[in-house]
Amino acid sequence: MDGYVPNYIEEIKRRLSIVDIISQRVSLKKSGKNFKGLCPFHGEKSPSFYVWPDSESYYCFGCKENGDAFNFLMKTDGLGFGEVLEQLAARTGVSLPERQAEEADPEVARSRQERDRLREANTAAATYFQHLLLKSREGQAAREYLTKRGVSTASIENFGLGYALDSWDSLTTYLTGKGFSQTELVQAGLIGQSEESDRYYDRFRGRVIFPIRDRQGQIIAFGGRVLDGAPKDAPKYLNSPQTLLFDKGATLYGFDMAKEAIRRADRAIIVEGYLDVIMSHQYGHANVVAPLGTALGEKHIGLLKKLTKRVVLALDADTAGQMATLKGLEVAKEGFDTKTVPVPTARGLIRFEQQLDADVRIAVLPAGKDPDEVVREGGGKWASLIERALPAVDYYFATVAATVDLNSARGKSEAIEKLIPAIVEVRDRFQREHYLYKLHRLTHIELELLRSEFMRAARAEPQRRPTEVPAAPQEEDQANPDEAENNEAAVRSRPRVVGATRPLELEDHLLAFLLRYGADPFAVVAADGAAVGPNDFTRSENRLLFEALQTLLENSGETDGLEEGLNPELAAHLERLRGQSAAEPELTDLISIQADMSFRLNRLREIRLGELYERAMQALEEGESQETPETPAEIDHTELWRTVAWTSEQKKLFYPKRSAVFKDSRDR
């Protein structure tokens, strides 16, 4: 068939059992024809996490996390789509021709072989360094340093700590004896080459060694700390240079060991140093990571936001630490996603505002103390400090109050200039009022004048200007319900959506529509007041393509170039969707585009809510049927009843005249 692109993603899903995948991480129990367990994405005492084999999907009635097997592994392991795809393809025996074609390319094969050799060299170096630390006489000073810092033997082994001899060529000699060429060792960042004499030398000498691992736990680089007695001009810390394996701006120290704890705690704590991470893990706080001698960057946030939307910055309390914290706050705001929030207005309209879809806080450390020192004090001090972490605006206030002369007119003006933009970013009006009054108390400037300055600053940010649409009418406000039903029927009869009766088909149609018409449909909101978003797509490939499209439109306003950076299977799925969209009649005016988009979005959400309602009711019935005086119910029905009540209310926004709760939603 001309133009047909094989769907290897679907073939993998067909051969998979999502129950088998999830049961490796979650203890599941049979509940009717489905399975339930404690949600791995948030803490709970009674199970609200359900796996549905018939649709190969999962849903948590507590935290609303949902998706397919790909979504689950990407979120629990912090992996990219391509990495999960390769794992599951190997597991199911599905051959990926696009990957095979790539690997058949001599350049690709050479690059893969080169990377493998660098990994082997790093592994051999780590073994050598650790042997020197634990067994050699020369490693005594390094052992004493780690003992003084409180590092246990278990931590030394877990993190693979080592020692580099104070020698110019001991590592070079060892690794070349293992069959590695000097060129390979230079490429791995383990040795350097002198420009004057062309001689090779060990990059790490006389240092405690900290292996740096990627997300899968493979060693990709090293960091080294000097010991007492080193030359004064020697840098205190030294990291491997940029290599084929190592990108300092995209690597977090300890991430491979912290990702499970981050997901479980739904919070990541960012510190500055190797020992801050090691001691935190040693004392049971395993959700701690650190950037590597560089400021927190967007790639770091990209790693973390796959696991959590809650981040605490626990950087040093000195001036440099404060500057790093402020920079980290800005990077976090740039790196995390935003969400559209409906806000009712006094004129009976709904205003849609963009709000950071994350909770970024700052833990204020005691003066002169590093995180590892606070951790070692015990007594719950570290946990208490993290729990008392300040929201970003409060930290801005504290920083400005400590650095600006608030007794001078210029200092007050500077404080207002710095703090008003931070208050503008606060979306809750009561919180905004709180911070405006706090600024009034700080500067003693009239409150009305501060409000005026706030409004001026808010108007100066066009990207945050609200979009207002009429509020969704209540059932009793429908002037002519029959006319609404007829209009809905007319829209449903359009040929371009005939056959799209199942949610997964509707997902494809919706995404194909967005790909075809670009930014115009993004202005549309559904009857429930929310614009299209990632959660409208439960299939991992659709969700990823939507997020890529959304990012591209935000950055350039165009859809051209979407294929760039996609792995071959996602690119093939994109081609399928575009082919599907091209087969539909083209819409030429904005009103038709947005009307069609509104129908598709409403239709998808109506059916999704209907399914969710039925599944919640089924879970309730199964839970009640399993109760006996001898075996009390294991499930807390609260979340299920909330879902039932919520879906019942939401359905009124879509089709107010219907009294039945989605009984025919799957048949239409």
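1. Basis. The model is predicted; local features need pLDDT of at least 70, side-chain atom pairs count only at pLDDT 80 or more, and totals for chains, interfaces and linings use all residues. Residues are numbered from 1 along each chain as its sequence is written, and side-chain values use heavy atoms, with hydrogens and water left out.

2. Helix 3. Helix 3 covers residues 69-77 (helices are DSSP runs of H or I, at least four residues; strands are runs of E, at least two; both are numbered from the N terminus). Of its 9 residues, 9 are buried (buried is under 20% relative accessible area, exposed over 50%, partly exposed in between, with a 1.4 Å probe and protein chains only). At the helix start, a side-chain oxygen of Asp-68 comes within 3.1 Å of the backbone nitrogen of Phe-70. Gly-78 follows the helix, with a positive phi near 65°.

3. Salt bridges. The count is 35 (a salt bridge is a side-chain nitrogen of Lys or Arg within 4 Å of a carboxyl oxygen of Asp or Glu). Asp-68 also belongs to a salt-bridge network with Glu-10, Lys-13, Asp-508, Arg-539 and Glu-541.

4. Helix 6 pairs. Asp-116 and Arg-119 form a salt bridge at 3.2 Å, N to O. They sit 3 residues apart in helix 6, so about one helical turn separates them. Asp-116 is partly exposed at 36%, and Arg-119 is partly exposed at 23%. Arg-117 pairs with Glu-184 at 3.0 Å, N to O. Arg-117 is in helix 6 and Glu-184 in helix 10 (residues 182-187), so this pair ties together parts 67 residues apart in sequence. Arg-117 is partly exposed at 25%; Glu-184 is buried at 19%.

5. Helix 25 pair. Arg-603 and Glu-606 meet in a salt bridge at 3.0 Å, N to O. Both are buried. They are 3 residues apart in helix 25 (residues 590-625), about one helical turn.

6. Asn-122. This residue is in helix 6 (residues 106-135). Asn-122 is buried, at 1% relative accessibility. Beyond four places in sequence, its contacts include Ala-188, Ile-219, Phe-222 and Leu-245 (contact means heavy atoms within 4.5 Å).

7. Asn-287. The loop between helix 12 (274-282) and strand 14 (288-291) holds Asn-287. Asn-287 is buried, with a relative accessible area of 10%. Its side chain reaches the backbone oxygen of Arg-267 at 3.0 Å.

Notes:
Polar contact = N/O pair within 3.5 Å; in protein donor to acceptor, adjacent residues only side chain to side chain.
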